[in-house]
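Subject: Structure handover

Hello,

Please find the structure below. My notes on it follow, with the cut-offs given as each term comes up.

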Amino acid sequence: MLLTLLVIVTIAIVRMRSLFGVIALSGVYSFLMASVLMVYDAVDVAMTEAAVGAGVSTVLLLAALHLTKAREYPQPRPAAIPLLVAVVVGIALIWATYDLPAFGIADAPIHKHVAPHYLQNALQETLVGNVVSAVLADYRGFDTFGEVIVVFTAGIGVMLLLKGRRQGRDGREGDAR
Amino acid sequence: MRLDVVLRVGVKLIIPFMLLFGLYVQLHGDYGPGGGFQAGVIVAGALIVYALIFGLDEAQRVVPRRLVEFLVPLGVLIYAGTGAFALLNGHNFLDYSVLAAHAPAGRERGILLVEAGVLVTVSSTMIALFYAFSERGR
Amino acid sequence: MGAVQNFFDHYNYIATIVLMVAGLYIVIARGNMIKKLIGLMLFQTSVYLLYIAPGKIIGGTPPVLDPNFTVYSNPLPHVLILTAIVVGVATIALGLAIVSRIHEAYGTIEEDEIFAREEQE
């Protein structure tokens with residue numbers, strides 16, 4: 001049911017031309033995605049997606065909308081080839097997902113390799129009950145280190161790009177610092 | 001009477017609870033859902049909503065730009081420092097068992113430290129992004 | 001009857017693929033840059049669903065250890081997708097900064113107008 005709502009919101013985002021409406025709908029989309037993730041038992045991921053998708057992402061999109069003074073874009077030219085490409089890719093992928101095991105059974109191969117080891121040993125080895133936190137910060141600590149560095153790089157990248165005041169096309173208003 | 005009285009009063013009431021909730025999510029990352037990333041975004045969100053309602057100058061009086069620029073690399077340093085401390089004591093990089101006498105207690109302490117580093121970097125980066133976009137369009 | 005049962009077993013994946021294809025279509029078919037970035041966001045979030053859906057066990061609980069429960073959903077996809085979400089927001093922020101600078105340089109964020117202006121020069 002939630003997934004059907006997600007598909008409806010997505011089709012509305014594709015068709016809508018007003019950028020402000022598209023950003024509002026993307027906030028709704030993030031909220032629905034967080035609900036679907038809760039149903040999938042992914043509580044940490046749902047909290048992060050709700051905070052990041054419906055919070056920070058919407059604020060940044062609205063800020064960019066203000067900076068570029070965009071309102072809505074003109075009627076797009078009819079796009080037959082992209083639609084054909086998208087439909088062909090979609091059909092190929094749907095045909096491929098039929099090879100996946102049915103949703104939710106406990107015998108799937110991914111539950112047999114490393115996950116049982118983490119679930120059984122996380123409490124003795126790290127004294128932390130939340131297995132996701134233990135795996136994120138301890139067993140797979142290198143990946144989290146790389147992620148913190150990515151966030152840091154994005155922060156300095158944006159700080160460098162958007163430093164100073166807005167410049168006219170010939171550089172009329174100079175930097176304010 | 002200004003037109004945005006309801007917003008101003010409501011936001012003044014809700015911001016302390018947002019900060020408290022961010023701290024709760026951070027410290028309860030070991031026992032329930034939570035952790036550094038979620039808490040960082042919630043804390044940044046509290047400051048962003050303050051800036052949206054009361055203006056960018058007020059928010060920059062509370063958290064100045066210099067402080068944000070200082071905090072962004074500090075979280076990365078905390079994370080790398082924990083790893084380097086393990087390296088200097090003869091173990092592998094990011095091997096937290098050296099932080100205490102009993103190895104699992106050391107690993108729990110390492111997880112807490114590392115999540116604190118993540119909180120500092122994520123929250124200050126989100127605030128820095130917001131400041132960068134807002135000051136450009138002033 | 002087997003085909004209908006198969007369809008409903010895989011309905012989650014089919015809906016995820018529809019979201020992914022919609023995001024892909026927005027990226028390649030629309031010329032407005034902010035709309036393209038939103039299409040990229042749709043594509044990224046559908047990939048999160050594609051990773052987390054196989055980890056769910058019907059009858060299991062979230063992977064927080066507790067003495068009352070024995071069957072937990074798989075925690076490994078949660079860890080990978082947590083990283084992916086934060087990297088996604090970093091990418092979108094950087095993309096929006098670049099779009100703002102493009103607007104300052106060309107005065108527009110429509111792809112067609114920028115190409116036309118480039119051809120004139």
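The radius of gyration is taken over C-alpha atoms, and the globule rule used for comparison is 2.2 Å times the number of residues to the power 0.38. A compact globule of 177 residues would come out near 16 Å, but chain A has 22 Å. The C-alpha trace of chain A spans about 65 × 45 × 25 Å along its principal axes.

This is a predicted model: local features need pLDDT of at least 70, side-chain atom pairs count only at pLDDT 80 or more, and totals for chains, interfaces and linings use all residues. Residues are numbered from 1 along each chain as its sequence is written, while chains are lettered from A and ligands numbered from 1 in the order in which they are written.

Confidence. pLDDT is the predictor's confidence in each residue, from 0 to 100. Chain A has a mean pLDDT of 85, with 94% of its residues at 70 or more. Over residues 172–177 of chain A pLDDT stays under 50, and the model has nine contacts beyond four places in sequence for them. Two residues are in contact if their C-beta atoms, placed from the backbone, lie within 7 Å. Where pLDDT is low, the predicted coordinates should not be read in detail.

Fold of chain A. Helices (H or I, at least four residues) and strands (E, at least two) are DSSP runs, numbered from the N terminus. Chain A has seven helices and zero strands. An automatic or database domain assignment divides chain A into domain 1 (1–73) and domain 2 (108–166). The C-alpha centres of these two domains of chain A lie 24 Å apart. Of the contacts in chain A with a separation of 6 or more, 36% are between residues 24 or more positions apart.

A residue is buried if 20 or more other C-beta atoms lie within 10 Å of its own, exposed if 12 or fewer, and partly exposed in between, with C-beta atoms placed from the backbone. On that count 37% of the 177 residues of chain A are buried. A nonpolar core is a set of buried Ala, Val, Leu, Ile, Met, Phe, Trp, Tyr and Cys residues joined through C-beta atoms within 7 Å. The largest one has 112 residues, and Leu60(A) and Ala93(C) have the most contacts inside it. Helix 5 (residues 103–136) of chain B gives the most to this core, 14 residues. Domain 1 and domain 2 of chain A both give residues to this core, so it lies between them. Beyond four places in sequence, Leu60(A) is in contact with Leu129(B), Phe133(B), Ile92(C), Ala93(C) and Leu96(C).

Interfaces. The contact between chains A and B takes 39 residues from chain A and 41 residues from chain B. Helix 3 of chain A supplies the largest share of the chain A side, 14 residues. The contact between chains A and C takes 78 residues from chain A and 71 residues from chain C. Helix 3 of chain A also gives the most to the side of chain A that touches chain C, with 14 residues.

One glycine. Gly110(B) lies in helix 5 of chain B and is buried, with 25 other C-beta atoms within 10 Å. Leaving aside neighbours within four places in sequence, Gly110(B) is in contact with Asp138(A), Thr82(B), Tyr96(B) and Leu99(B). Gly110(B) and Tyr96(B) are 14 residues apart in sequence and 5.2 Å apart in space, C-alpha to C-alpha.

Regards
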